[in-house]
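Hi,

Here's the structure I promised to pass on.

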Number of protein chains: 2
Amino acid sequence: MRDYSAFFSGDVPSFLRSPVRDIFAKVDLSAICSFAGGYPAAVTFPTEAIKRLSSDVLDKYGPKALQYGATQGVPELRQAIADRYGVPVSRVQITTSSQQGIDVCSRVMLDPGDIVLAKNPVYLGALQSFRSYRAEVRPIAASSIPAAASGLRAKFIYVIPDFNNPSGETMTLSEREELVSFAREQDLLIVEDSPYRELRYSGEAVPTLYSMAPERTLHLGSFSKILAPGFRLGWIIGPEALLEKIYICKQALDLCPPVFDQYIAAEYISSGELDRNLVKTIAEYRRRRDRMLGLLERYMPEGTFWTRPEGGLFLFLTLPEGIDTVALYDEALSAGVAYVAGSFFYTDGSHRNTMRLNFSFIDEAKMEPGIRLLADLISKAR
Amino acid sequence: MRDYSAFFSGDVPSFLRSPVRDIFAKVDLSAICSFAGGYPAAVTFPTEAIKRLSSDVLDKYGPKALQYGATQGVPELRQAIADRYGVPVSRVQITTSSQQGIDVCSRVMLDPGDIVLAKNPVYLGALQSFRSYRAEVRPIAASSIPAAASGLRAKFIYVIPDFNNPSGETMTLSEREELVSFAREQDLLIVEDSPYRELRYSGEAVPTLYSMAPERTLHLGSFSKILAPGFRLGWIIGPEALLEKIYICKQALDLCPPVFDQYIAAEYISSGELDRNLVKTIAEYRRRRDRMLGLLERYMPEGTFWTRPEGGLFLFLTLPEGIDTVALYDEALSAGVAYVAGSFFYTDGSHRNTMRLNFSFIDEAKMEPGIRLLADLISKAR
C-alpha cells in the first residue's frame, strides 16, 4: 500500500485514536462484565414515542422536514431549547451532536500552541478535539495562567461541571464561583460541557456556569442522554457574537444539522414526552447507581475509594497506590471484566491507579459478578 | 457587545459567508420567480416510504437504531453502498452530509498556504471549506503546478465531474483521462465530488474518476438528491489508508453519523425503494430541464449562451460581455426574479457576465414568467 503521508496536514500527527474505542474493538464486551462503555441504557430510549413522532412530523411539516434547513437549526427546535432553558432564541445554535459542539468551539478558537485549561480528569472526546488542533491541554488546578509575555495564549477553560465524565463529580457553587472569577480575572472564555445535567438522581441542582457568566460561556447541551444518541443532536447556548462565527464555520462543516431528526426532537420536547421519559430515565439510573454503590461498599478491599455521583453515567475508582490499571487491563479482560483506565483522562497520563466505571449500560445481572471480579483483581494486585 | 476577536483562531478571518445564503436572507424568494436555490424539488422526496421505513427500522433493529454507532457508519449502510457501487466495504466511510465529506478531506489534508486545484466555476461550499483552512484555490486550467522549489504544495484536485454545480457541465471521458494523467504526473490526489451522478436525464454515463484512479481518488457521494437533504448523509469511497485518517478525525468531529437516519437510508436502498423513486425523480427533473431549455431558446436575446446539462440541478448562462450580474442583482429582485451571480463560483471572482439558474426547485408555473423577466433585464442591460 502506498504511503500518503506527504498529503496530510500538520494536524494529523496530533490526531488521537480513542483508547476507549480501541478497547471496545479488542474483545466482545457483551460476553463479559463490562463497565467500560459510556452508552446510555437502551431501556431509556423512547422508542414508541419516536415511532409516533416520526410519522407525526411528516404529517405536520411535510417536505419541510426532509428539505435543507437553516444552519442555526430549525426554528421550532431552537425555540423549544430557548423556552426550556430560559434563554433568547438568538443565543441557541443547534449542533450535529455535542461532540460537534466541542469541535466547532475548538475550530473557531484554537491555533497550534494555544492552551486549553481543563479540570482533570477530562472527557476523552474533548482531549481528542483540542489536541487535533495542536492545542495544549493544561490542568486548571496546577496551573497559574501563563503570562502574556511567554507568548502562549490560553483561550478557554473546558469543564463538565455536572457529573463529570469520567469522575462523576459535580462542582459546588463555590467552586463554580471561583472558576468564574478566575475566568474573569484572566479574561478567558468558558466551554461548559453539559451532556448529563438533566440526569440528577440526588442532591440539589447547582446553577450553570452560563447563568453565572453568560458573556463568556459557551454552554453545550446534548440530546444523547435525554432522547437517544443515534440522533446526533446537541446545542450551544452562548453570546451572539461567538455564535455568529460558529454559524459561519458550520456552513462549511455540514450546512445544517439533520432536519428530520430536529423536528422529531422539537416535538419530543413540546409534546411533554421528554419530561415524561426523563422521570423514568432518572428512576432507572438512580436504581443502577445505588446498586453499584452498594456493591462497591460490599466487595471492595480496604484502601479503595470511589466517587458518589449525584447524576450522570459514571463513577471513578481510586485504588491503592502502586496498582496500575493500564497494566492490569489484559488480566481483567481474561478474568471477564472490563473498565477504562483512569489515566487516559488525565492531561499528563498520571493517576494510573484509577479507573472509570459505567453504570448505565452494563446488564444489571452482570453488576454483582463484575464488581466481585474487580475486587478480587484489586485484592490480588495489592 | 464585547469584542471577542482576541479569542478567534487564525482561520476565522478566512471564513467565508455563503453569498448564496445571504441572498436567501435578503428577500422572500417564494414571493418571486427564484432560480437562485440549489434545493431538490419536494415532490421527489419519498415521504410515504420514509414514514414506513422509520417505523420498520425501529421494529427491525430496535434500540440499535437509536444507540451510538460505529464511526465509519453502520455496517448495513456501508454494505449497501459497497454493493451499489461495486467497491469493497473497507473503502466506504459514511459522512454526516457530503459537505462534511469535503470538510473532512480539507481538515485531513490542508495546511495554511496549501493549494487546491479546481475546475472553474467551483461549488461554493467547497470554496468555503478550502478557504476556511487558509488554502489557496487555483484554477486547474490556467495553472501549471507550482514547482516544489517554490515552497508551495498542491495537495489535491477538486472537481464535480458529473453535472457540475454551478455550470451543469459534465467532463468527457478524454477530459477525465487527461485530468487523471495530470494527477499522476504531478502526484496529486483527486477529490471527486459526485452529489448529482445518479441524476442523469440524457446521454451516456462516463466512468468516475475513482474507477480510473482508485489509489488517488476520494469519491464523495450524497443522499441529498436521491433520498432527501434533511437526512444529512453522504459517503466517501477511497483508499483505506486515507479513510483511516478520516476515521480518526471523524471521531473528534461528531463520533458517528446519525444512526436512525443511516438505517432508514440502508433500508431505502436494500428495499429497492431508492431505484423506484429515482425513476420518478429523473423523469420529473428531465421535464423541468427540457422546459427551461425551451424557454431560454424562446426568450433569451441574441448573444446569450447557456449550458445544456445532461443531469443535475443547474444550468449556467453567459450574457453579452459588459453585463454585470452582481450589479444587476437588485434590479432583478425588484423586477421579481432571482439568480446567483456566476462570478461567486470563480476562484478569482471573474466572469461577472454569468449566472447560475436552478431548475429543480422553482415552481414550474414561475418558470416562464421568470425567464421572460430575466430576458427583459438582459435585453435592457445590453
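Predicted model: local features only at pLDDT ≥ 70, side-chain atom pairs only at ≥ 80, totals over all residues.

Let's start with the overall build. Chain A has 12 helices and 13 strands. Its radius of gyration is 21 Å, close to the 21 Å that the globule rule gives for 382 residues, so chain A is as compact as a globular protein of that length. Along the principal axes, the C-alpha atoms of chain A fill a box of roughly 60 × 60 × 55 Å. Buried residues make up 53% of the 382 in chain A. And if you take the contacts in chain A with a separation of 6 or more, 76% of them are between residues 24 or more positions apart.

Now zoom in on strand β8 of chain A, residues 234-237. Gly234(A) and Ile236(A) point one way, Trp235(A) and Ile237(A) the other, and all are buried. Which strands pair with β8(A)? Strand β2 (residues 92-95) runs antiparallel to β8(A), joined by 4 bridges, and strand β7 (residues 217-222) is also antiparallel to it, again over 4 bridges. Gly234(A) is the bridge partner of Thr95(A) and also of Ser222(A).

Finally, the contact between the chains: 62 residues come from chain B and 62 from chain A. On the chain B side, α8(B) gives the most, with 9 residues. By class, that side has 32 nonpolar, 18 polar and 12 charged residues.

Cheers

Conventions. Residues numbered from 1 in each chain as written. Chains lettered and ligands numbered in written order. Buried ≥ 20, exposed ≤ 12 C-beta atoms within 10 Å, placed from the backbone. Helix = DSSP H or I, 4+ residues; strand = E, 2+ residues; numbered from the N terminus. Pairing = 2+ DSSP bridges. Contact = placed C-beta atoms within 7 Å. Nonpolar A, V, L, I, M, F, W, Y, C, P; charged D, E, K, R; others polar. Rg over C-alpha atoms; globule rule 2.2 N^0.38 Å.
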